[in-house]
Amino acid sequence: MLSTKMIKSLNEQIAMEGYASFLYLSKAGWFEGKTMQGCASFMYRQAQEENEHMMKIFHYLVEMDAIPVVPAIKQPPAQFKDVKAVFADTLAHEQKVTKAINDLVELAMKEGDHATYGFLQWYVAEQREEEGLMRSILDKINLIGNGSQSLYFIDKEIESLNKATLKAESAGE
Ligand code: FEO
């Protein structure tokens with residue numbers, strides 16, 4: 001049985017993952033406006049993934065006989081300074097999510113809640129992957145450059161990265 005505090009905290013995480021999904025969707029829209037289809041596709045896929053992160057917690061609460069709360073999602077920003085700023089913001093946001101997941105893990109340990117501790121390990125691994133991915137993209141942008149001449153090449157890089165991720169996902173990796 002989950003503690004009241006754990007149920008509240010997991011519901012807050014539902015809201016955070018939901019916001020992350022909307023934030024990625026907003027970034028997809030921004031890239032569409034720049035006709036950077038590779039980056040837009042990447043952001044759509046990330047938005048979908050975040051929705052799945054949210055739903056995983058939702059179903060976990062149901063499984064544990066607790067009531068999941070569908071959150072109000074605040075409006076994400078629609079404008080960004082430039083491509084590098086979009087990915088820098090993405091990394092910063094993923095780091096914020098990692099902190100929230102770590103706080104949940106600590107709460108589970110403190111409460112001796114082994115079921116939730118085990119459930120959260122998937123998120124710990126996922127956050128490590130997501131942060132690593134965003135860091136590698138920022139490294140690439142730093143190499144290629146962030147000026148208008150470089151946008152085509154950045155878009156191609158992200159497009160191939162996105163295709164590789166999709167292929168790995170469909171292969172069940
Ligand atoms: Fe579900 Fe990328 O945090």
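Let me start with the nonpolar core, a term used here for a set of buried Ala, Val, Leu, Ile, Met, Phe, Trp, Tyr and Cys residues joined through side-chain atoms within 4.5 Å. The largest such core in this protein has 23 residues, and those with the most contacts inside it are Phe31, Phe42, Met43, Val83, Phe87 and Ile137. At least two residues of this core come from each of α1 (4-33), α2 (37-63), α3 (83-111), α4 (114-144) and α5 (151-170). There is also a second, separate core of 20 residues, and among its members are Met6, Leu10, Leu104 and Phe119.

Before I go on, please keep in mind that this is a predicted model, in which local features need pLDDT of at least 70 and side-chain atom pairs count only at pLDDT 80 or more, while totals for chains, interfaces and linings use all residues. Residues are numbered from 1 along each chain as its sequence is written, and side-chain values use heavy atoms, with hydrogens and water left out.

I have been saying "buried", and that word stands for under 20% relative accessible area, whereas exposed stands for over 50% and partly exposed for what lies in between, with a 1.4 Å probe and protein chains only. By that rule, 43% of the 173 residues of the protein count as buried.

Now for the overall layout. The protein has five helices and zero strands, and from the N terminus on the order is α-α-α-α-α. Helices (H or I, at least four residues) and strands (E, at least two) are DSSP runs, numbered from the N terminus. The C-alpha trace spans about 55 × 30 × 25 Å along its principal axes. The radius of gyration, taken over C-alpha atoms, can be set against a globule rule of 2.2 Å times the number of residues to the power 0.38. Because a compact globule with 173 residues would have a radius of gyration near 16 Å, the 17 Å of the protein agrees with that rule. Of the contacts with a separation of 6 or more, 81% are between residues 24 or more positions apart.

Thr35, in the loop between α1 and α2, has a positive phi of about 50° although it is not a glycine, and at 69% relative accessibility Thr35 counts as exposed. Asp65 lies in the loop between α2 and α3, where it has a positive phi of about 65°, again without being a glycine, and its relative accessibility of 74% makes Asp65 exposed.

Leaving aside its neighbours within four places in sequence, Arg135 is in contact with Leu91 and Gln95, and although Arg135 and Leu91 are 44 residues apart in sequence, their C-alpha atoms are 6.9 Å apart in space.

Helix α1 holds both Glu12 and Gly29. Glu12 is partly exposed at 45% relative accessibility, and its C-alpha atom is 11 Å from that of Val97, 85 residues away along the chain. Gly29 is partly exposed too, with a relative accessible area of 38%, and the C-alpha atoms of Gly29 and Leu91, 62 residues apart along the chain, are separated by 18 Å.

Finally, Gly172 belongs to the segment after α5 and is exposed, with a relative accessible area of 63%. Between Gly172 and Leu23 there are 149 residues of sequence separation and 26 Å in space, C-alpha to C-alpha.

Definitions and conventions. Contact = heavy atoms within 4.5 Å.
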